[in-house]
Amino acid sequence: MALLKVKFNQKKRVKLAQGLWLMNWFSVFAGIIVFSMGLFLKIELRKRSEVMDNSESHLVPNSLILMGILSCTFNALAGKICYDSLDPTKFAKWKPLLKPYLVLCFFFNCLIFFIALICFLMRGSLETTLAYGLKNGMKFYRDTDTPGRCFMKKTIDMLQIEFRCCGNNGFRDWFEIQWISNRYLDFGSKEVKDRIKSNVDGKYLVDGVPFSCCNPSSPRPCIQYQVTNNSAHYSYDYQTEELNLWNRGCRDALLLYFSSMMSSMGGVVLFVWFFEVSVMVGLRLLQTALESIANPEDPECESEGWLLEQSLTDTFKSALESLKKIGKFNQVDAGAEGEEGGKTPAITTVS
């Protein structure tokens, strides 16, 4: 028994073809939107590439860009097929291509669903990428005279100001690295010497943060140096008082920004997937309805369309049988070749 069997007359076939033509051009527009989303996300990731450890995060935008291009191509072609189906003479040239085209559409829809899942599941990979990237970027903050790293200070400062964050996990991350360049340290000062000697790696570590960590909304002037020294500031207790620094780490801020963006894009892609599946089902019904017309010379006659010629179970069994036949055929061919190769020429002796 056929799956999703529907009876059609001439009027219903025309309405289905016209509706699918319109839906395909909506899908082309949706493909342009998906392509634009992928391009926008790629540009945003490029802007933060200095604080990202690898290029794994570009899998999502690259997939969206590819999907957008394929969606425009597939649906423009499907729109042409639906338009030509209104004319039997024009539709005749598409008949042998429709089944392979529908198979391609099936795999394309699987790809769309996979991309939607990637958009929702990339948070873990993105978190690791940001954690290592920000940590390395902070180490290069002081290298303003080193070629290739001189831009890192500006990048980190602008990042902390834009996203209202400080450090990797929090402002205390700055206490663990030397973020002040040696060119701005007075090595004749006893304080500087003592701090360098007190550190095993010979680094100048301070309980201070860059100016970009300061919260401009705080009524108190920013305390960015000697953050943990209560006696250095009047009426100050760093353990109880709300500091006028950003408390959120930049990893969490960027992760929230990109993951929410990817989740929104995943929702759009999932909607496009539902739409594409509907178009594919409609195109399959139109194909079978046109091919099952009993008398092609009488366009007014009724016909039947279906999604699968047999039930889902029978179709699955038929597919398995076909695969088994192909496997047996290959084995027979291999065996025949082996026999031919194993034959030894007969040697006759003349006495």
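User: What should I know about the model first?
Analyst: It is predicted: local features need pLDDT of at least 70, side-chain atom pairs count only at pLDDT 80 or more, and totals for chains, interfaces and linings use all residues. Residues are numbered from 1 along each chain as its sequence is written, and side-chain values use heavy atoms, with hydrogens and water left out.

User: How many cavities of 30 Å³ or more are there?
Analyst: Rolling a probe the size of a water molecule over the atoms shows where empty space is left. A cavity is a set of points, on a 1 Å grid over the protein atoms alone, where a 1.4 Å probe fits but cannot get out. Points join across faces, edges and corners, and volume is the space filled by probe spheres set on them. Here the count is 1 cavity of 30 Å³ or more. The largest cavity holds about 80 Å³.

User: Which residues line the largest cavity?
Analyst: Lining residues have an atom within 4 Å of a point. Among them are Asn24, Phe74, Tyr101, Phe108, Glu276 and Leu283. Helix 2 (59-84), helix 4 (95-121) and helix 8 (250-291) each supply at least two lining residues. Helices are DSSP runs (H or I, at least four residues), numbered from the N terminus. The lining has 8 nonpolar, 3 polar and 1 charged residues. Ala, Val, Leu, Ile, Met, Phe, Trp, Tyr, Cys and Pro count as nonpolar, Asp, Glu, Lys and Arg as charged, the others, Gly among them, as polar.

User: How do I read a helix pair?
Analyst: Two packed helices are described by the angle between their axes and the distance between the axes. Axes are lines fitted to C-alpha atoms over the stretch in contact, and angles run from 0 to 180 degrees between N-to-C directions. The axes of helix 1 (residues 10-47) and helix 2 come within 7 Å and cross at roughly 165 degrees. Helix 1 and helix 2 are therefore roughly antiparallel (angles over 145 degrees). Their contact has 22 nonpolar, 9 polar and 1 charged residues.

User: At what angle do helix 4 and helix 8 cross?
Analyst: They cross at roughly 165 degrees, with axes within 9 Å. That makes helix 4 roughly antiparallel to helix 8. Their contact has 19 nonpolar, 5 polar and 5 charged residues.

User: What about helix 5 and helix 8?
Analyst: Helix 5 (residues 123-139) packs on helix 8 at about 145 degrees, axes 10 Å apart.

How values were computed
1 Å grid on protein atoms, 1.4 Å probe; cavity = no way out; pocket = protein on both sides within 12 Å on 5 of 7 lines; lining within 4 Å. Parallel < 35°, antiparallel > 145°, perpendicular 65-115°, else oblique.
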